[in-house]
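The sequence and structure come first, then the notes.

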Amino acid sequence: MILKEKIEKQQLKTITMPLFFHFKNIKRYLHIINNCTSLTILFVCLNLSLIAQNKIKFHELNEQHGLSNTVINSIVQDTLGFTWVGTEDGLFRYNGSEFQAFHEQSLTQKIPSNTVNKLMVDSQNRVWILTNSGIGIYDYANDRIKHFLSNEDKLLPEEKVFTAITQQSDGTIYLGNSASDIYTFKNNTFNLLHIANELEGIDLNDFGISDFEMEDDLLWITTWYDGIFRLNTKTLQIQQSLNNNEIEVSYIFGIFRDSKGNLLVGTDKGIQHVKSVGQKDFFMEDSGLPINDEVLTIYQDLEDKLWVGTRNNGLYKLNPDDKGVFKIEKHFVAGITSNTISHRTVSTIFQDRTGKIWLGMHSKGINVFDPKGEKVVHIEPPMSDLISGDNITSVWGIAESEENGIWFATDGAGLYHYSKDTQEAVKIASTEGPIVISDNAILSIMKTDDNKLWLGTYSSGINVIDLKTKTTIVFNTEMNSNGLQSNDIRTIHQDKKNVIWIGTNRGGLHYYEPSKKSIIAIDNSTSLDIRGIVDDPVNENILWLASYGDGLIKYNKKDGSIVKFNWSTKGKKNIPIALCLAYSNNRVWLGTKNSGLKSFDLKTQTFELLDFENELLGHTIRAIIPVGKNLWFSTNRGVSLLDVTTIKSSNYNAIDGYKFSQFNDGSALFTASGNLAFGGIHGLNIFDPNEILKKKNLSNVTFTRLSHNNKRVIPLEKGGILSKGIPIAKMLNFNPNSDIFSISFNVLDFNPSPVRGYAYFLEGYDKEWTIESQTDIATYRNVPPGEYTFKARVYDNSTEDLGPISKIAINIAPSWWQTNWAHFGFTFMMIFILVIGYRFNRARITNKQKLFYEQKIRQQEYTSMEEKMRFYTNFSHELRTPITLILGPVNDVLNSGKLNHKEEKSLNLVKRNANTLLRL
């Protein structure tokens, strides 16, 4: 598999210098080191293109970004975009703004050992971590690191030191350790290979493995000090490289296969090439590249350029010629400036998905750079001048040179020339030479067609340098009474008739008279402070002047008249301070102090009130440059753009990671090659406006961390909020009473400037998107139970463009009494209670009615009984009276004794029945 195929599969491979040794042969290695002679730094003629290239700037990642150990052994990037860094003291994962650390002592996500020798991302996006005490495998599915071959008691210490790893096209992973063991990992199982070639007397276990390189079914193996081996992974037959007496390689750091299939070997004698002999034999030969140093790492970028990291001589960039032969194009050495690497030893090289190259340094962290160069080229005086001088970097005057460069003047360090070919700034003139001038503080520059350079100084008048003779002519206030009225020169302008005009601080307007070789002052302008001059587009006799304190001034060359225009409606309460001006779209545009950008209509001779002014209200405009239909202008807050046809403005306080600082008055230039240059207090900034205006492909954001009640959430923990790592999770399930939760998100690609903004929105809860200029975390409190979708995207602060949306579903479970089952139960209980109540009430009413009827019946019965009793009583009374009256005579007759037995018997019967009736 060639390199480009590996890039597509994110299987990029580098060879690195490991910081460990074969335990059985430490003495031998130390002997080799002690006998190595010091290497001579190589100076070669670099094959520089005559075409101007953007300057490369190295950005450092170190302790300030959370990279607590700066001895870098390995760098890889997974398919999500996280960059993993293996160091001498821990594993680190970069999320676009800072590093997350993994250590042997971590409470969660422990690694087997703090010494991480090599990293690899496999085809399943698992991160393999090769350490001095076994192997760790990080899996996003559970957000954990699983350990292998680290705690086995049967393994010797050197058998746990893993140094090499690669993956075959069928998914099989090969691993090698410092004890020369080779393991395979397939179907989640480790197997130790027993490799030996008895015919040739080769036993791989006698050698120390330093690196692997896979080529179809062939596994190329480099050993620390015993050459190269080739293993057929199907037959397990192994072959050793032939001896080459022409080279004496003592140490091999690794092997690399370029895009054409060539095998390059990094050794203590530079780069060697693997050459095959017939179908079987192979050997190493000198590659012909003049790098006489220990080559620790080799990498080929997406444009087939070869990058080589060495132990003592920094970084080399190699470019293939028409025949495919690599030649040194650039040599980057260690230094303290941004265009030099931070350390002489480059241990590992890696190119991320955006094309930026990462350099792992030995004790200096990581250097990241764009191999195509920066969009913004930042120029300062040479470091030697800054160290030996007054550390002056402020740039004022700018002019384009014919030598494909730029003249730039400093406020105290003299005049410099920057060449785009050499990408270096060289001092041209100062009070001490090379060309001697009267003042080192130069505020304005103008180059004339006769190859002369006019310099306006802060306190010594005008210096005119003849670039052919390298001589200087000085004009100042001491020369004649009609000459300069002030030695503080703020602007120099050449009009349509090639007349040179000079604006001074409180000395007014002047022009140069070539016939007299003198400066002539305009009489009625000597009190003016002139900061800028432009020609009228129609009337060649009119000049427009920007003045400090008198606003916009119209000067008529023909009659000498001066007319002042003040944009302020408050009269003398606001002093009209203009710092610069330019013409575009039939308007004169003024940059003011604390009043923004002003537009003067040349037809109506009045100031216009445009919609954009509110956006720039209170800003200070330092310099203005018209480019086509656009105006570019510098402020105290960056560089801004105004489309003069639509009156729409954009601000660029940072471009591709370069954050602008305060700019200087009138310090701006549009070059013939189409570049813009602005001078500021920290140097000169050059960029192509077309590149800035190109539509950016904004990246996706990735969710990097989830916190619940201020505690980090780990997948599969109690509570079940996350079932997978947050970067790949699709759903968050919160339990009831989730008082507060926070979601962190980042664009994982490296960006050296902290000006990237984000927008986020919780669908179903938020009413609108929240836009934050720098915050990369969203926090929510007391969100009601329900189903939501959290969305986040990157926000471009300059163009206000929004990137693609990343989203994750959120389910906040209700409390038990808020669930559907609870609602069903509550409803059932309510219905049950209502039914019981209804039935109870109905029974109560029935019983009440029954009681009522019973009472009524009883009352009727009682009444009937009373009637009966009354009837009976009355009847009895009525009956007793006659019976009593009957009994009386009967008793009298019976008591008379005059009755016979029959009569007495009859009367006794009457008496007895009468008494019966009486007793009723």
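Strands β12 (residues 182-186) and β13 (residues 189-193) are paired in the antiparallel sense over five bridges; strands are DSSP runs of E with at least two residues, helices are runs of H or I with at least four residues, and both are numbered from the N terminus. Two strands count as paired if DSSP finds at least two bridges between them. The model is predicted: local features need pLDDT of at least 70 and side-chain atom pairs pLDDT 80 or more, while totals for chains, interfaces and linings use all residues. Residues are numbered from 1 along each chain as its sequence is written, and side-chain values use heavy atoms, with hydrogens and water left out.

**Hairpin**
- β12 and β13 form a hairpin with two residues between them.
- In the turn, N187 has a positive phi of about 55°.
- K186 stands opposite T189 in β13.

**Four-stranded sheet**
- Four strands make an open sheet in the order β37-β38-β39-β40, with antiparallel pairing.
- β37 (442-447) and β40 (471-475) are the edge strands, each pairing on one side only.
- From one strand to the next, the twist averages 20°, with axes taken as lines fitted to C-alpha atoms and angles running from 0 to 180 degrees between N-to-C directions.
- β38 (residues 452-457) pairs with β39 (residues 462-466) in the antiparallel sense over five bridges.
- The bridge partner of G456 is I462 in β39.

**Nonpolar core**
- The largest nonpolar core has 27 residues, of which L706, L732, F790 and I810 touch the most other members.
- Elements giving two or more residues to this core include β62 (702-708), β64 (731-734) and β70 (806-812).
- β69 gives the most to this core, with four residues.
- Such a core is a set of buried Ala, Val, Leu, Ile, Met, Phe, Trp, Tyr and Cys residues joined through side-chain atoms within 4.5 Å.
- Buried means under 20% relative accessible area, exposed over 50%, and partly exposed in between (1.4 Å probe, protein chains only).

**Surface patch**
- A nonpolar patch on the surface, with about 1200 Å² of accessible area together, includes W816, W817, W821 and F832.
- F832 lies in helix α5 (residues 820-896) and is partly exposed, with a relative accessible area of 48%.

**Loop residue N700**
- N700 is in the loop between α4 (689-693) and β62.
- N700 is partly exposed, at 41% relative accessible area.
- The C-alpha atoms of N700 and G803 are separated by 6.6 Å, although the two are 103 residues apart along the chain.

Definitions and conventions: Patch = residues over 30% accessible without salt bridge, like charges linked within 9 Å, V, L, I, M, F, W, Y side chains within 5 Å. Areas by Shrake-Rupley, 256 points an atom, 1.4 Å probe, with all protein chains shown as cover. Salt bridge = Lys/Arg side-chain N within 4 Å of Asp/Glu carboxyl O.
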